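Hello,

My notes on what was found follow after it.

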Amino acid sequence: MLKLITCLIFIPAIHGRYERNAEGRIRDYILTHPNLHLTDRPVLHANKSVHIEIKTDFYALIDLNEKDQTLTTASWLTLTWMDERLVWDPEEFDGVRSIVIFNKDVWVPRIMLGNAVSTDALDVVKEDRGTIWLMYNGKLVLGTSVVQSIQCHMMIRYFPFDTQICAYYFVPENQEVDKLNLTSSEVSYPSTLLSSEWEHINTTILNELYPFENYLDDEDALLVSFATIHVILKRDPRYYITTLIIPSTLLCLMSFATFLAPPESGERISLGVSMVLGLTVFQLLVANTLPASKNPPILSEYLTTTFIISCLAVPFSLFNINIAYGERRIGMLKYPFVNHLILDVLPKILGVLTYEERAYSGNMNQGMSQILNDGGLIRVTTIETPPVLNKVQPLTPGYVTKKLTHKEKMQLEARTASLVMDRLVLLLFLLAYFIVAISVVIKFSGNKTSV
């Protein structure tokens, strides 16, 4: 009897102490209603469409992979819609105007990312992610953080001065516009978003209707709403300028320096080959960075052209060395005009000692009996009549050359012709390079990207 009295006293007290608050009573009122089915669209009339508004707030650019042509970003996704069944009068529930519920408790739209590259990113809304803010008038706001990887077609023609446009295609899953209308009205991309390579330029929104096949033969095509978000990103080229463009340009120009080395230099060919190998490394670097394309980047064309020019410098150097050390007289020199042009006129224009200046300079500097030091190729015959002491007796170049043997004159001509050819080829290669450089600059100036 005593136990019964105790229970009658304390049970009402305990019940009052743990009575559900207004939020709990709201959940009991709207979520446990026997006519509420989570699989039904949140409308009271079947012919009414549900309007879903999507908002994307990007906060991290994780990766833009040129090779795989994918963009990975992190963003805060917000979905807003109305559920006409989930309403209450705040006056009846202590003035509570909103509560927080979970995705599994109500109907949630199934939204797909049409160009996702992973199954995890295909479904935008996950049942175990995010919470929903439910207001008294039936408005629901779902917020969740997502990491999305999408396929982004890369325009690599102007790499590394390129601008990329990547699109996010949000589409309702198997819902025509008469049932579910999806639109995007706002996108934020904060200026504080950090990326070591990319700069955010602009973000645009496009809401469209696309026809889909209707499997009922007697019906027209179904219209499905698409919400498209275009993100425009511009690459910072400074890294590639300092690590790729400037070094490759210097290597190409250094390969031309082989024409400044004397023909007897043993390092002339090895220098040219080393420069070619260096340019090959830069070619491989670009090939490993960018995807294969029918329209290759301008930079790749530039590197290929400079590679070819540098490769041509090696056989030209061998050709000039062969001229300098050839055993036979150069055939073109037997014509007086060509002989005068190569041995006298062009050396003066190109800053090279002429044929006669070489012989005379060597004769005066070496006592007329030693090896000419300007090139170290030939010797002059000792003059039989020694110079008179205390009397200036100038030696004319014509007088000196008459004392040279036929072989020595041939070697001197070859030496002069080789140096002239070196300078001519150097100017030709420099001209070819600057033509290539100017054409590349003109091509890059046509970089215009728009949505």
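The site I looked at in some detail is S310. Leaving aside neighbours within four places in sequence, S310 is in contact with C252, S255, V276 and L279. S310 itself sits in helix α6, which covers residues 298–324. S310 has a relative accessible area of 0%, so the residue counts as buried.

Before the rest, please note that this is a predicted model.

Overall figures

The protein chain has ten helices and ten strands. Of its 451 residues, 42% are buried. The accessible surface of the protein chain is about 25800 Å², and carbon and sulfur atoms account for 59% of that surface. Taking contacts between residues at least 6 apart in sequence, 74% join residues at least 24 apart.

The open sheet

Six strands make up an open sheet with mixed pairing, in the order β3-β5-β6-β2-β1-β8. At the edges are β3 (98–102) and β8 (180–188), each of which pairs on one side only. From one strand to the next, the twist averages 30°. Helix α2 (residues 22–31) packs on this sheet and touches β3 and β5 (131–135). The direction of α2 makes about 65° with that of β3.

Within the sheet, β2 (residues 70–82) and β6 (residues 139–151) run antiparallel and are joined by 13 bridges. In this pairing, M82 stands opposite K139 of β6.

R85 lies in the loop between β2 and β3. Which residues does R85 touch, not counting those up to four places away in sequence? They are L36, H37, D40, R41, P42, L44 and W107. R85 and L44 are 41 residues apart in sequence, while their C-alpha atoms are 7.2 Å apart in space.

Strand β7 and its partners

Strand β7 spans residues 163–172 and is mostly covered, with eight of its ten residues buried. β7 pairs with β4 (residues 111–113) in the antiparallel sense over three bridges. In that pairing, V171 of β7 is the bridge partner of M112. β7 also pairs with β10 (residues 222–235), again in the antiparallel sense, over eight bridges. Here A167 stands opposite H230 of β10.

Aromatic pairs

The count of aromatic pairs comes to 13. One of them is Y29 with F93, a tilted pair at 5.5 Å centre to centre and 50° between the planes. This pair links distant parts of the chain, as Y29 is in helix α2 and F93 is in the loop between β2 and β3, 64 residues apart. F93, at 7%, is buried.

Y168 and F170 form a further pair, with ring centres 6.5 Å apart. Why is this pair called stacked? The planes of Y168 and F170 are at 10°, and planes under 30 degrees apart count as stacked. Y168 is buried at 0% relative accessible area, and F170 is buried at 1%.

Ring pairs also link F256, F259, F316 and F429 into a cluster.

In soluble globular proteins, nonpolar side chains tend to be buried together. The largest nonpolar core in this model has 76 residues, of which L71, W81, Y168 and F170 touch the most other members. Helix α10 (residues 406–444) gives the most to this core, with eight residues. There is a second, separate core of five residues, including L346, L350, V352 and V420.

Regards

Terms used. Residues are numbered from 1 along each chain as its sequence is written. This is a predicted model: local features need pLDDT of at least 70, side-chain atom pairs count only at pLDDT 80 or more; totals for chains, interfaces and linings use all residues. Side-chain values use heavy atoms; hydrogens and water are left out. Two strands pair if DSSP finds at least two bridges between them. Helices (H or I, at least four residues) and strands (E, at least two) are DSSP runs, numbered from the N terminus. Axes are lines fitted to C-alpha atoms, for helices over the stretch in contact, and angles run from 0 to 180 degrees between N-to-C directions. Contact means heavy atoms within 4.5 Å. Buried means under 20% relative accessible area, exposed over 50%, partly exposed in between (1.4 Å probe, protein chains only). Accessible areas come from the Shrake-Rupley method with a 1.4 Å probe; for residues, only the protein chains shown count as cover. Rings of Phe, Tyr and Trp (its six-membered ring) pair if their centres lie within 6.5 Å; planes under 30 degrees apart count as stacked, over 60 as edge-to-face and the rest as tilted. A nonpolar core is a set of buried Ala, Val, Leu, Ile, Met, Phe, Trp, Tyr and Cys residues joined through side-chain atoms within 4.5 Å.
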